[in-house]
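Hello,

Here is the structure you are taking over. My notes on it follow below.

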Amino acid sequence: MKNDRQSRILEIIEREPIDTQEQLQQRLQEEGITCTQATISRDIKQLHLIKEPIGQGKYRYDVSVH
């Protein structure tokens, strides 16, 4: 379940700009995965996601390259 959720997170952030944990939680829920904000926060840390600037003061989650 955790691995599936984390794989889905990576798929979601690859295909669309997600800049908040709430947006990510909503997208997961739309795909049938219910989880808490705390769970998403842990997943973000475990997946080493960072916020990258995309211009005009906006950011998106991305995988850290180091």
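**Salt bridges and core**

The count of salt bridges comes to 5. Please keep in mind that this is a predicted model.

Arg8 is partly exposed, at 24% relative accessibility, and Glu31 is partly exposed at 27%.

Glu31 also meets the side chain of Arg15 in a salt bridge, at 2.4 Å from N to O. Here too the link is between helix α1, which holds Arg15, and the loop between α2 and α3, with the two residues 16 apart. Through shared partners, salt bridges join Arg8, Arg15, Glu16, Arg27 and Glu31 into one network. Within it, Arg15 and Glu16 form a salt bridge at 3.8 Å, N to O. Glu16 counts as buried because its relative accessibility is 19%, under the 20% cut-off.

Arg5 is another residue of helix α1, which covers residues 2-15. At 10% relative accessibility, Arg5 is buried. Its side chain makes a polar contact of 2.5 Å with the side chain of Asp43. Beyond four places in sequence, Arg5 is also in contact with residues including Leu28, Ile33 and Thr39.

The largest nonpolar core has 13 residues, and Leu24, Leu28 and Leu49 have the most contacts inside it. Helices α1, α2 (21-30) and α3 (37-46) each supply at least two of its residues, with α1 giving the most, 3 residues. Leaving out residues up to four places away in sequence, Leu24 touches Ile9, Ile12, Ile13, Ile18, Ile40 and Ile44.

Regards

Methods:
Residues are numbered from 1 along each chain as its sequence is written. This is a predicted model: local features need pLDDT of at least 70, side-chain atom pairs count only at pLDDT 80 or more; totals for chains, interfaces and linings use all residues. Side-chain values use heavy atoms; hydrogens and water are left out. Helices (H or I, at least four residues) and strands (E, at least two) are DSSP runs, numbered from the N terminus. Buried means under 20% relative accessible area, exposed over 50%, partly exposed in between (1.4 Å probe, protein chains only). A polar contact is a pair of N or O atoms within 3.5 Å; within protein, one must be able to donate a hydrogen and the other to accept it, and residues adjacent in sequence count only if both atoms are side-chain atoms. Contact means heavy atoms within 4.5 Å. A nonpolar core is a set of buried Ala, Val, Leu, Ile, Met, Phe, Trp, Tyr and Cys residues joined through side-chain atoms within 4.5 Å. A salt bridge is a side-chain nitrogen of Lys or Arg within 4 Å of a carboxyl oxygen of Asp or Glu.
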